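Me: I'd like to learn how to read a structure feature by feature. Could you walk me through one?

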Amino acid sequence: MNVFRTLRTRKFLQRILLSFMFVVVTLAVTAYMLNVNARGKVLSLQNDADRKLLTQINYNIENMNGIVKDMAVSLFNDDELIALKAGADYRQSILKIDRLDRTVAESPYLHAVAFYNPGQKRFFSSLNHGMDNSRLYEVLGGYLKQHPDVPKLQLMPLDLDGGGSGIDVFACFLYDGPSLGSVNGSVLILTVKPDWLLDNVKALNKLADREKDLLLVTDGDGNVLMSSVPLSPAQLALKDEVMPRIAASSSTLEDFVYRHAGKKFKVAYLGKGMNNWRILSLRDYDSVLGNVNRMKWTEIGVMLSVVLFAVLLSVFFSLRLYRPVGRLLSLIPEDPRGHPQAKDELTLIAANYMGMVDKLKGLERDEASKRNIAKVYHLRSLLGGSDAVSEAEFRQNREQYGIDIAASGALRLAVVRLDRRETLVAASGEGSESLFTFAIANIGEELLRRDYWCEYADMKDGHLVFIVSGKGEGGLEALGERFRELQGTIMSYYRVSFTVALSRSFDHYRDISRHYALTLRQSDYRMILGHGAVIEPEDIEANERNEQFRIPGELDKQLIEGLKSGDLAQTTEAIESWKRAIGAFGFENMFSALLQMGMTISNTLGEINQFNLNPVSVDLHAVNRRLVGIETLDEARDVLLSVAREMFEQRQSGKEDKSRLIADTIAEIVDKHFADPDLNVQKIADMLKMNPVYLGQVYKAQSGETVVDRINSARLAQARLLLEQQDLTVSEIMERVGFGNESYFYRLFKRRYSVTPKEYRLKSAIERNT
């Protein structure tokens with residue numbers, strides 16, 4: 001009872017037991033599948049044996065039929081038997097009977113040989129067939145009359161006694177001509193004993209250890225020609241049921257299982273053989289699988305015994321395997337709050353273990369977090385006011401919080417600032433800045449600590465500070481190379497760049513806050529040196545000494561002239577010159593110069609729009625916002641160049657629209673006033689109050705032809721229509737369309753249409769009438 005109670009309450013124990021049971025079930029299923037496979041193999045082997053047996057029987061029948069054919073042809077063409085075949089002398093014919101007797105005696109399967117002599121109108125046959133000759137002749141003569149289309153040289157079933165008890169012999173007929181017609185010619189008839197063929201079938205069946213099986217030979221209509229055993233009514237009924245299926249099949253050699261009267265039979269047949277005979281094998285399905293069925297019951301008995309024994313062993317081994325788990329389970333206290341149990345015992349043990357591990361890790365994380373918060377606080381205190389930290393306090397904090405920097409010796413600071421910070425946050429999300437800063441800090445700390453002592457502090461206002469001190473006598477000259485290596489690593493993993501500003505070397509921790517302020521200011525020179533720079537103090541000494549804060553007047557003038565003239569190359573050169581000039585300023589003066597440049601562009605745009613019919617629309621407020629947010633001079637240059645290109649594109653677009661309007665207006669005036677003989681470029685220019693030369697140039701540029709060509713094209717087109725539709729003279733038409741000179745009109749018309757006006761009218765009239 002304790003065992004069953006344990007099984008009910010212990011889920012892991014149930015799983016162990018089920019695992020054993022799965023093995024037992026797998027063995028049982030495997031045994032079953034082996035039995036099914038054995039049945040399939042037996043059936044497959046039996047199918048092969050059936051097909052071989054039927055093929056052998058068919059071969060024996062065909063072989064016997066061939067021998068009978070050869071013998072019939074030999075006897076029919078034997079000159080010695082002419083007296084029997086067609087001789088008129090009865091006595092001579094009788095003398096040849098002995099030859100027929102010898103032929104029958106020498107053959108194991110011949111029953112009789114008979115000739116029908118048309119001259120004597122009688123049969124002659126061998127005498128050793130064991131029946132009355134008159135009866136034989138009567139049967140043969142009747143068969144010939146009833147079957148005038150009997151085929152040559154084929155075995156045909158024949159009932160000699162007329163009792164309907166079955167086939168007595170098989171007869172083979174040979175005669176002259178394509179068909180028998182009526183008994184008017186010579187006929188040779190060989191009768192074959194079916195016993196020989198039947199004995200052969202029985203011998204083959206005995207050889208295959210199938211003496212009790214039923215083998216049948218039927219004709220095309222399903223009539224039984226011979227059978228290995230006498231047929232019972234049930235067997236005849238089975239034969240009649242399967243024959244339609246065999247007849248409907250397109251296969252010559254096939255086998256199938258058929259159910260009849262509650263029993264299954266294995267049927268194999270060979271059909272459409274000689275004379276369209278069919279050979280059938282009918283076997284009891286259970287007898288075919290007798291050995292397999294007996295093996296199945298033996299396997300079932302053995303399997304039940306094995307399963308019972310395996311179940312007992314499974315319970316025994318499951319309890320033994322479960323014993324250590326049970327001991328562990330007893331060490332876990334029950335849940336006093338009544339929470340539901342876990343899925344199984346191991347899960348419960350693991351959950352308790354992981355709970356304890358999580359608690360320990362939580363305590364460790366809390367302790368580490370507190371230590372790290374305190375450590376960061378003291379590092380920020382050093383950066384903000386290192387001169388106020390006493391040496392005793394510094395050493396205490398260094399030992400207590402593991403601050404890995406020396407109190408004295410070679411020290412340097414590195415200020416790290418992410419490039420394109422706003423774009424990066426907008427593209428990657430709000431928490432991306434903290435993620436990238438954390439990656440730079442951790443990878444940088446690991447990289448620097450190969451050669452130096454270092455600590456880092458995230459100042460939470462867009463930059464990160466590394467405090468680096470040398471180990472022993474080692475200097476910090478290669479610090480810039482280490483940070484370039486760090487930049488490459490971060491770029492390859494995160495596709496993020498950052499700028500580094502390095503302080504000068506100093507030798508005491510009290511100078512940290514002073515050098516931090518200087519290095520933070522130094523990092524602003526990213527404006528000049530660009531993204532991804534490693535800024536050393538020597539790189540910006542010239543900028544720090546430069547007090548200039550205004551752009552030279554000639555650069556302003558060059559920029560204004562380029563913008564007003566629409567010369568993109570001049571404007572680009574002015575902006576590049578401005579960038580080179582401002583690159584030498586101190587950081588504070590750079591923004592003054594930048595605002596001056598924005599003001600210059602704004603004033604110039606106002607002057608351009610004051611005298612322009614199509615004002616240029618540029619959002620200068622948006623441009624100023626972009627300039628305030630730039631991090632490098634290259635970005636400022638790109639902003640200014642984009643503004644210049646936008647202005648030029650709008651001005652060019654306005655010019656093209658005006659030219660198109662002028663060209664369309666000229667075309668409209670010509671279409672309406674082409675009949676005016678005084679219409680010309682000057683008159684059109686007077687209408688539009690424009691310079692005729694400028695007007696002609698604009699129209700030619702837009703349409704690809706001159707104004708005069710346009711006037712002549714309109715006049716010639718109208719003249720062609722009048723020639724086709726009006727019965728006017730050429731002179732009248734010329735005047736109507738605005739031409740004043742007849743020869744000039746003729747010359748232009750022929751140049752356009754390759755014929756004169758008169759020829760064109762004649763050609764047009766002919767085409768209309770055809």
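This is a predicted model: local features need pLDDT of at least 70, side-chain atom pairs count only at pLDDT 80 or more; totals for chains, interfaces and linings use all residues.

Me: Where does serine 126 lie, and what is it in contact with beyond its neighbours within four places in sequence?

Reply: Serine 126 belongs to the loop between β2 (122-125) and α6 (133-146). With those neighbours left aside, its contacts are Leu100, Asp101, Val104, Ala112, Val113 and Asn133.

Me: Now the sheet. In what order do the strands come?

Reply: The general idea is that strands of a sheet pair through backbone hydrogen bonds, either parallel or antiparallel. Here five strands make an open sheet with the order β2-β1-β5-β4-β3, and their pairing is antiparallel. β2 and β3 (156-158) are at the edges with a single partner strand each, so one side of each has no neighbour in the sheet. On average, neighbouring strands of this sheet are turned by 30° against each other, ignoring direction.

Me: How many bridges join β4 to β5?

Reply: Strand β4 (residues 169-175) and strand β5 (residues 187-192) run antiparallel and are joined by six bridges.

Me: What about the hairpin of β6 and β7?

Reply: β6 (residues 214-218) pairs with β7 (residues 224-227) over three bridges in the antiparallel sense. Valine 217 has methionine 226 as its bridge partner in β7. Five residues sit between the two strands of the hairpin, where glycine 222 takes a positive phi near 90°.

Me: Last topic: which residues have the most contacts inside the largest nonpolar core?

Reply: That core has 35 residues, and those with the most contacts inside it are Val68, Val113, Leu155, Leu188, Leu190 and Val192. Its largest share, nine residues, comes from α2. Valine 68 touches Tyr109, Leu155, Cys172, Leu190 and Val192, leaving out residues up to four places away in sequence. A second, separate core has 28 residues, including Ala501, Ile551, Leu559 and Phe587.

Technical notes
Residues are numbered from 1 along each chain as its sequence is written. Side-chain values use heavy atoms; hydrogens and water are left out. Helices (H or I, at least four residues) and strands (E, at least two) are DSSP runs, numbered from the N terminus. Contact means heavy atoms within 4.5 Å. Two strands pair if DSSP finds at least two bridges between them. Axes are lines fitted to C-alpha atoms, for helices over the stretch in contact, and angles run from 0 to 180 degrees between N-to-C directions. A nonpolar core is a set of buried Ala, Val, Leu, Ile, Met, Phe, Trp, Tyr and Cys residues joined through side-chain atoms within 4.5 Å. Buried means under 20% relative accessible area, exposed over 50%, partly exposed in between (1.4 Å probe, protein chains only).
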